[in-house]
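Hi everyone, thanks for making time. Have a look at the model on the screen, and then I'll talk you through it.

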Amino acid sequence: MIEVENLTKIYGKRTAIESVTFEARAGRVTGLLGPNGAGKSTTMRILLGLDRATSGRASVLGSEYRSLRRPLTRVGAQFDGSGAHRGRTARAHLRWMAASNGISPARIPETLQLVGLSDVADRRVGTFSLGMGQRLGIAAALLGDPEVVILDEPMNGLDPEGIRWIRDLARSLAGSGRTVLISSHLMGEMQSMADDLVVMARGTVIRAGAAPSLVAEYDSLEHAYFAWTQGRAEHAAGGAA
Ligand SMILES: Nc1ncnc2c1ncn2[C@@H]1O[C@H](COP(=O)(O)OP(=O)(O)OP(=O)(O)O)[C@@H](O)[C@H]1O
């Protein structure tokens, strides 16, 4: 369970997010959507204790992330690719993460298998494709077998097979009772993956709720998304002057 309540973050004179409120529930995939600059990453960073809120509250499993004990066994997050050192192998990266978080080494081969990296586990991360790097980031998120999984643009750089894999993974994580929060710009994928949606624009939540009812009056999530966010992107799309 993720609860975000009246969350506001101000950087200098810039309000990145304002009074953001939503929940992501256990057993469901919650899709976080919004144009560039909407505040999705800021919200996720605060949820993960990587940044402090100016005001408001963000809790995971009933506590602030920073106060969770052995957080990687409670909350797994993939943010900005894998974050692994380029000179390390995938296995060594996971070994280091497991050792520094009290996670059983037995989880390393299991997780490598789960993300499809067993065959390249002993290659240096610097030789990985974008998609392999994404898979390693997801492996790190799942290593501690957490109850809450947060994925920021996990489909970036993945081929169609990889995208389908993420969709199935998200569904199976939610199917086993986990809370899954995913941000993405891929509307077709979000439509087939998300039970609930949180749509942000210019730092605020403009729609939140069960995906089927939010999208009901539109042909697709993509149509709905454009109707909701029209004129609310931080930067207007370039056109002829
Ligand atoms: N460290 C920072 N200092 C100043 N402004 C920031 C900082 N981080 C984010 N912002 C601003 O806060 C707003 C929200 O940015 P954020 O990265 O959270 O959006 P986003 O929805 O994740 O966008 P994207 O889809 O491009 O990743 C933007 O206007 C951004 O410029």
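I'll begin with the domains and then turn to a sheet and a helix.

Residues are numbered from 1 along each chain as its sequence is written. This is a predicted model, where local features need pLDDT of at least 70 and side-chain atom pairs count only at pLDDT 80 or more, while totals for chains, interfaces and linings use all residues.

The protein chain splits into domain 1, covering 1-74 + 146-241, and domain 2, covering 83-145; such bounds come from an automatic or database domain assignment. Taken over C-alpha atoms, the centres of domain 1 and domain 2 are 24 Å apart.

How many residues of domain 1 are in contact with domain 2? There are 12, and they meet 12 residues of domain 2, with contact meaning C-beta atoms, placed from the backbone, within 7 Å. On the domain 1 side, six of the residues are nonpolar, four polar and two charged (nonpolar is Ala, Val, Leu, Ile, Met, Phe, Trp, Tyr, Cys and Pro; charged is Asp, Glu, Lys and Arg; the others, Gly among them, are polar).

Now the sheet. It is open, with three strands in the order β2-β1-β4 and antiparallel pairing. Strands are DSSP runs of E, at least two residues, and helices are runs of H or I, at least four, numbered from the N terminus; two strands pair if DSSP finds at least two bridges between them. At the edges sit β2 (14-24) and β4 (55-60), each pairing on one side only. Strand β1 (residues 2-11) joins β4 through five bridges, and Thr8 stands opposite Ser55 in β4.

Finally, helix α1 (residues 40-47) lies across β1, β2 and β4, at about 115° to β1. Axes here are lines fitted to C-alpha atoms, for helices over the stretch in contact, with angles from 0 to 180 degrees between N-to-C directions.

Conventions:
Contact = placed C-beta atoms within 7 Å.
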